[in-house]
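Subject: Structure handover

Hello,

Here is the structure I promised to pass on. Please have it open as you read; my notes follow below.

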Number of protein chains: 4
Amino acid sequence: MTKKIAILGASGYTGAELCRLIQTHSGMEIVALSGDRKAGQPMASVYPFLRSAGLPDLIRIEDVDFAGVDLAFCALPHVTSQNVIKDLPRDLKVVDLSADFRLRDPAEYAKWYGKSHDAQEMQGEAVYGLTEFYRDEIRTARLVAGTGCNAAIGQFAVRPLIAAGVIDLDEIILDLICGVSGAGRSLRENVLHAELSEGTNAYALGGSHRHLGEFDQEFSKVAGRKVEVQFTPHLAPFNRGVLATCYVKGDAAAIHAALRASYDAEVFIEVLPMGQAPSTHDVRGTNYCHIGVVADRRSGRAQVVAALDNLCKGSSGQAVQNANLMLGLEESAGLMGLGVFP
Amino acid sequence: MTKKIAILGASGYTGAELCRLIQTHSGMEIVALSGDRKAGQPMASVYPFLRSAGLPDLIRIEDVDFAGVDLAFCALPHVTSQNVIKDLPRDLKVVDLSADFRLRDPAEYAKWYGKSHDAQEMQGEAVYGLTEFYRDEIRTARLVAGTGCNAAIGQFAVRPLIAAGVIDLDEIILDLICGVSGAGRSLRENVLHAELSEGTNAYALGGSHRHLGEFDQEFSKVAGRKVEVQFTPHLAPFNRGVLATCYVKGDAAAIHAALRASYDAEVFIEVLPMGQAPSTHDVRGTNYCHIGVVADRRSGRAQVVAALDNLCKGSSGQAVQNANLMLGLEESAGLMGLGVFP
Amino acid sequence: MTKKIAILGASGYTGAELCRLIQTHSGMEIVALSGDRKAGQPMASVYPFLRSAGLPDLIRIEDVDFAGVDLAFCALPHVTSQNVIKDLPRDLKVVDLSADFRLRDPAEYAKWYGKSHDAQEMQGEAVYGLTEFYRDEIRTARLVAGTGCNAAIGQFAVRPLIAAGVIDLDEIILDLICGVSGAGRSLRENVLHAELSEGTNAYALGGSHRHLGEFDQEFSKVAGRKVEVQFTPHLAPFNRGVLATCYVKGDAAAIHAALRASYDAEVFIEVLPMGQAPSTHDVRGTNYCHIGVVADRRSGRAQVVAALDNLCKGSSGQAVQNANLMLGLEESAGLMGLGVFP
Amino acid sequence: MTKKIAILGASGYTGAELCRLIQTHSGMEIVALSGDRKAGQPMASVYPFLRSAGLPDLIRIEDVDFAGVDLAFCALPHVTSQNVIKDLPRDLKVVDLSADFRLRDPAEYAKWYGKSHDAQEMQGEAVYGLTEFYRDEIRTARLVAGTGCNAAIGQFAVRPLIAAGVIDLDEIILDLICGVSGAGRSLRENVLHAELSEGTNAYALGGSHRHLGEFDQEFSKVAGRKVEVQFTPHLAPFNRGVLATCYVKGDAAAIHAALRASYDAEVFIEVLPMGQAPSTHDVRGTNYCHIGVVADRRSGRAQVVAALDNLCKGSSGQAVQNANLMLGLEESAGLMGLGVFP
């Protein structure tokens, strides 16, 4: 039977991407879309590309009738999200796409987000939504916290290497090139076409990016000791995609073998043949993550390069994958579409 | 039962787009892919974005076993196409994406393509593949000739107006802005990123573009008299999409009504509310065509603006739509996906 | 002796472009930059690409000492501009880049800009800044009104044809493709990289674009009768440049001859050989305008295609060219730089 | 007196960039342009943006009269370059922009370029053209070898740190994001707009990029011991610019101080205030290099980020700067233009 879905905060890019994915998902049906500032508008006014999707109009959150809803995706800004989610019906399954429930430790949350959490009692309840590593917990979870898109790609590339003990834990550098949709539909000068096109720059340098909180939490958990990575994201002029070039110390063949072993049974994670590196072009619009390993000319050093679509596998596609598990649907349902190229 | 599909000339962009569309089509299965220069290679080497599609390797045309094939898409260059198609089994259904069978008159073909046709006996047999206007003929056709992408958008915008007699037939101007994928995977300086990005230019000015042959043939047929349009395509720095701004003389309300009437029952053609104009952003990666009408400040003049994706509705999506009809499948099967935005 | 220059409203794109041009102008020196919201900041904070230009910090307009200033460029938003300019010292030469003094008729201003003008007594004083056609008046003007960028390119392409009587005055269509910097540094969703890149759309259709006021005024003046053109601008994903494809009725050879005759002695207007069409790529970052003429296949019809850089020849370069005349400097001083390609 | 300049291989991007720069250079005049495949064509046909530059037509190299030429820029492909240069008049000053004379050791040349050098006797004569570090040798050189663009940016960022002994020589990682013009006007699928736009990828991973030969040579020379860096370039969808994010181990304040000290008197190298990072947008079309230093959250680690324009400071601008020195002209002549933004 088709599951009834609500999307809260549907007027942002991740909300629109959820609509796109669910529109061809045979097991889900969207019954409510909220968007406070745009309440009353048809979704086709906010996103004309959804004109043909037969979606309900945007309404205010307080006007959503959750009675018949099986699962809500919450695509609200952080802080707003925690305050909305804490008041949702207790029996409603929720996949949160914000940063609000990613960190388990209230002190870590306060450190990275600059305020104390308003729903600390729910922080422990939430399951971290990196599907390939939390599949069993997600299946039975009520609240799943979607990961950061940068956090997702970094973990896909490096997490199995930490678990397998094949790299030096003190020498992990994650260098990312990020598409601009990661900034959301926010109006800032640096994401204007006129200012972004035809160039690139690094940002959030030196350890200030909030996704470091996720890396610290997860990598330290896997390693059983404190792990701190060096992380530099760059903004480049394309809309979708993140490329992670990870500099690690270890044997390249062992690294490749550890990734192959970890992802052997995974539908959405492709480990390329040794020596090949992926491109974000090849995963655009998809739920796939491609990972490659190249040995450096200096022995004992390697680059692990990963590519995914930040809005799909890094956010809304991951969210649908998790919702599939929570709702007892086929994990890959609605997510097998290939990318648009060129 | 799933229909067996061969794609001849699968290494170009329209071939790759066919693979993308058919991969999620429940009624079709790709059993053979040919690509002479790349024969022997897996499709994932030629197009890594198809890595997960489980496609057969590329082979030479002469190695394709057509015995079990229900339909062949022919995505070869023109001239090559006519020579391949004339030697295909006579009971094989064929959708040709080249220009070779679009023009019925051998003299017109020779005029626009600079050579005499090598399979003139088949020119009459071919059905012109503008689905919404040749649906019945396509259903029973053995050979369907896919339209030019520019020819498709121009006809979607203007054809119903000629049929309805609501515009001046001597004053039709079709001004197009075209994405670069329309040029195919050809290696020319003007389609290099370095030369195309950050600017625009007109090309094939003054009546030299070959798609004029299609406009002349089809518009004159509908009008019952000779109709010659003025047509200027522009190349702009985006990959997919064509926007047609058509300057016509007639009553805007009557024009809008004629389009609404013509496309009322069509799944893939959306006529926007009066006064609204479409964007190629909203149809990227889809089989939809959006059309809008705006009255000019001078009475008796209007602009009809249409948008579609040249590789999909303008080429490979149209081809699948036609193949669905030819094979007795649901016309929209495999084509209902929404666009990727942003 | 070097002329002292003030730029009011220097924090927008035209202000920044003025700084770029004047920085290599041997006859001008910038002594004051105003930018109310960013007052107190160094220009290098607002535009890091100007870091090496040795510019004064931004201050508030009321803090500018006009005593030693020879000429002020006013790059403020319209309405603001008229209110600032009416209070400037009466002996200060001013080049206004806003729309405020382009229209001579207060009723026309009110019609296109939706309000009555606050400095109507100065409207008559202002000289229209299309240099090549108002050179003598500009030389002795106190106040010059820079043209709209679209208005400039349309006039460069068509004005000599009206003057020469070689085209049908009732059948002029100006179809433009515009880069996004024409929208200024404004924060709107449709100029975000994520929403603009990879597509195009028409806007201000049907006769609503304000630059029509300039076309009406100027073309009617040249023709000695009312002339109303049809005008459709498109927004495409590049930063600088406007391409105008003008559909006109007349003899192509006569049209080409009229353009050649009109621009024979002009440094910045290049009329290409008959049959060639220009590209915005070739004028990016320059004060040049390239114009081409192509005969249509239907006799008596032609396309005139023009290309210029909206921020330079269409705005700030034009402003410097005018200022050179007003200050008795070489007209082309500071403007001979070639474009950056690729 | 104006110096007479010949450009050999003027039909590539670096040749065109030389024309652009020299056109506004008061001390140089272009008297000959060669381009074998395009010999006989005016430069305006090959690069219409140079239409107004008054350049001589392209001719074959053997038709260049070197009698009155003061200096030749050689912008030919590598290997071709060495064979042309070895036959040039012995008293002709030459700036070579190819890779042919960058490596002093014939064995290193053979290792990185896969063939033995055809003019080994001239390898020792050539001066490495990194102006800021070889200024005195360049002044008296007959043959200067322009550096690789990636080699230039990496050295600007790291060379002073090696010289000052403030970083760990075994732990240098150079991560680059490169614009596509670095690939030249070559016709390859991966630099087509359709394939490059909207995504990114790493290339030449693992130590295979030829610019490593320059890093090894120069860094080892400065350090007085063997230094091998890890180097990963990425290709991203913009035309001009290279951003280098360098991961180093050392005290960030000492690193910043060493850069400031090294570049204090340099016109073209700007070291940003501590904690700031540059953008390629701000140096596009210029001869400037911006460098920033950010301390990592882990003490003893820092990122040094540098930005320059690969065609200008990374190639043709550097070449003009060197030629200025060789010809006794002002070092910055013709190079003080600011970038085009947006």
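Chains B and C meet through the same surface, because 98% of the interface residues of chain B are also interface residues in chain C. Keep in mind that this is a predicted model.

Now the contact between B and C. Chain B gives 41 residues to it, and chain C gives 40. On the chain B side, these elements each supply at least two residues:

- strand 8 (173–178) and helix 8 (193–196)
- strand 9 (201–202) and strand 10 (230–235)
- strand 11 (242–249)
- strand 13 (289–295) and strand 14 (301–308)

By class, the side of chain B that touches chain C has 16 nonpolar, 16 polar and nine charged residues.

Chains D and A also touch. Here 40 residues of chain D are in contact with 40 residues of chain A. On the chain D side, the elements that give two or more residues are strand 8 (173–178), helix 8 (193–196), strand 9 (201–202), strand 10 (230–235), strand 11 (242–249), strand 13 (289–295) and strand 14 (301–308) of chain D. That side has 15 nonpolar, 16 polar and nine charged residues.

Start with helix 6 of chain B, residues 131–140. Its buried residues are T131(B), E132(B) and I138(B). Seen down the helix axis, they fall within an arc of 55°, so they line one face of helix 6 of chain B. They pack against strand 6 (127–128), strand 7 (143–145), strand 12 (269–271) and helix 11 (312–326) of chain B. What does the face turned away from the buried side carry? The exposed residues D136(B) and T140(B).

Then helix 6 of chain C, residues 131–139. T131(C), E132(C) and I138(C) are its buried residues. What covers them includes strand 6 (127–128), strand 7 (143–145), strand 12 (269–271) and helix 11 (312–326) of chain C.

Best wishes

Note on methods. Residues are numbered from 1 along each chain as its sequence is written. Chains are lettered from A and ligands numbered from 1 in the order in which they are written. This is a predicted model: local features need pLDDT of at least 70, side-chain atom pairs count only at pLDDT 80 or more; totals for chains, interfaces and linings use all residues. A residue is buried if 20 or more other C-beta atoms lie within 10 Å of its own, exposed if 12 or fewer, and partly exposed in between; C-beta atoms are placed from the backbone. Helices (H or I, at least four residues) and strands (E, at least two) are DSSP runs, numbered from the N terminus. Two residues are in contact if their C-beta atoms, placed from the backbone, lie within 7 Å. Ala, Val, Leu, Ile, Met, Phe, Trp, Tyr, Cys and Pro count as nonpolar, Asp, Glu, Lys and Arg as charged, and the others, Gly among them, as polar. The arc is that of the directions from the helix axis to the C-beta atoms.
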